[in-house]
Amino acid sequence: MTSPADPGFWRSPLRGPWFTAVLGVVLLVGVTVLFVTGLLSYAAYNPNLSSVNDKTPDKGLLGFYLFDWPTDPHWLYRLNQGLHVTVGITLIPVLLAKLWSVVPKLFALPPARSVGHALERVSLLLLVGGALFEFVTGVLNVQLEYLFPGSFYPLHFYGAWVFFGAFVAHVVLRLPQVVRVLREQGWRERLRDPRPEPSDAGGRVAQGGLVAPRAAEPTVSRRGALGMVGAGSALLFVTTAGQNFDGPLRRTALFAPHGGGDPGNGPNGFQINKTAAGVGIERRDTGDLWRLVVGGPRGDVRLSRADLLQLPLHSAALPIACVEGWSTSDQWWRGVRLRDLAALAGFDEDPPGVLVESLQRHGAFRKAALRDNQVRDPRSLLALRVNGEDLSPDHGYPARIIVPAAPGVLNTKWVSRLTFGEL
């Protein structure tokens, strides 16, 4: 009986440098998009603004890319995070096919033939482990299934750096061979030819090559194999991408997160993640005794909901977009501008950032900080109504934050206090 370390154990005629190179090129583009959009997504939280926003302490040099997150265009985070999640899920069949194509190398003996080969094997181990970790935690987060230990934010953040570092090292080591293979082997001929590829790396099949020395009879062409991978990606795309659109396409998003409850129909009938009951909000917390505390140089000002409704009210059409990849279309919000509340607190000109505190008793982002550019934007509101109706309890009644281009968790619901200038 042969073992996985024996090249004869692997008999698929599809495996070979060309098949692996094609999948690798797709992943090269896709993973680069994932990494860039992931960095932008993290920057959108403004983690260097305040410790309440920073879920990855001691990140050191890994935070070099951070910048003041803009408020224009107002759909920026919606586009970025929708692209990040949709591309990530769509790449799953490609990743699995790539891992299948190189699995003989994981069992090849001896483990290292040279220093260069040892570095390649280590990078491959980190690459495979990092890829599986990032994709699994990402999918679990999208589905709101927090089965992993600890917080998703630092796990996914540091895992991304390990994975991408190994990915870059692997690309540097393997890209010359990928380019050579794709140049030497014709696309059309290789797609149609079901026979095994020529032996890679000078015929070193017994030393961990990809080509089976005793290949079985082919049952599918490479065109068919790549077609199946593409069909799997297309299926995941169709059942994921719709979470960012209204109308019939949204109903195709079967694998999208469905939030913490049914929002129902009507003006408040759009998706939610955190429900009032889920974070410990009770009816008495948001009733007639509720007061918003606005803090600043003039001390604390306490405002009832009726007081807020007597202030100048403004409207803004803004979406809600969450880290899980789902988003709504623009909803019509109405409330008091944050910069007007800053003036009430004593900042008549150039209002600073604000620390927002929620009534919620547990869960992440009970507190969140907003930058001065977010406070100053005339579309940034303490919203009291949405689409012509009072906020529902699950959408943040009696008052919530809505800021253009901000992640959903920074649009704090059930606001109890705004402290301007202390972050």
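I began at a hairpin: β1 and β2 form it, with 5 residues between them. In its turn, Gly299 has a positive phi of about 90°. I note that this is a predicted model.

**Entry: the faces of β1.** Are the residues of β1 buried or exposed? I found both faces of this strand, residues 292–295, covered. Leu292 and Val294 are buried on one side, Val293 and Gly295 on the other.

**Entry: the whole sheet.** I traced 5 strands in an open sheet, in the order β2-β1-β10-β5-β6, with mixed pairing. Why is one side of β2 and of β6 left without a neighbour? Both stand at the edges, each with a single partner strand, so one side of each has no neighbour in the sheet. The twist averages 20° from one strand to the next.

I also found a helix against these strands. Helix α9, residues 338–345, lies across β1, β2, β6 and β10. Its direction is at about 65° to β10.

- Asp72 and Pro73 are joined by a cis peptide bond, with omega about -10°. Pro73 sits in the loop between α1 and α2.
- Tyr397 and Pro398 are also joined by a cis peptide bond, with omega about 15°. Pro398 lies in the loop between β8 and β9.
- Asn387 has a positive phi, near 55°. I placed Asn387 in the loop between β7 and β8. This residue is partly exposed, with a relative accessible area of 28%.
- Trp414 has a positive phi near 55° too. I found Trp414 in the loop between β9 and β10. At 0% relative accessibility, Trp414 counts as buried, because the cut-off is under 20%.

**Entry: helix α7.** I compared the length of α7, residues 222–241, with expectation. Its 20 residues should span 28 Å at 1.5 Å a residue, and the end C-alpha atoms are 28 Å apart, so the two agree. Buried residues of α7 include Arg222, Leu226, Val229, Ser233 and Leu236.

**Entry: annotated spans.** I read the unreviewed UniProt entry. Its "transmembrane region" annotation covers residues 21–45, 83–103, 124–143 and 155–173. I looked at two of these in the model. Residues 83–103 are 95% helix and 0% strand, with end C-alpha atoms 29 Å apart. Residues 124–143 are likewise 95% helix and 0% strand, and their end C-alpha atoms lie 28 Å apart.

**Entry: the chain overall.** I counted 10 helices and 10 strands. The C-alpha trace spans about 80 × 45 × 35 Å along its principal axes. Of the 423 residues, 50% count as buried. The chain exposes about 19500 Å², and carbon and sulfur atoms supply 62% of that. Among contacts between residues at least 6 apart in sequence, 72% join residues at least 24 apart.

Notes: Residues numbered from 1 in each chain as written. Predicted model: local features only at pLDDT ≥ 70, side-chain atom pairs only at ≥ 80, totals over all residues. Heavy atoms only, no water. UniProt positions renumbered as here; feature names shortened; annotations may be inferred. Helix = DSSP H or I, 4+ residues; strand = E, 2+ residues; numbered from the N terminus. Buried < 20%, exposed > 50% of the residue type's maximum accessible area, 1.4 Å probe, protein only. Pairing = 2+ DSSP bridges. Expected span 1.5 Å × (residues − 1). Contact = heavy atoms within 4.5 Å. Areas by Shrake-Rupley, 256 points an atom, 1.4 Å probe, with all protein chains shown as cover. Axes fitted to C-alpha atoms, helices over the stretch in contact; angles between N-to-C directions.
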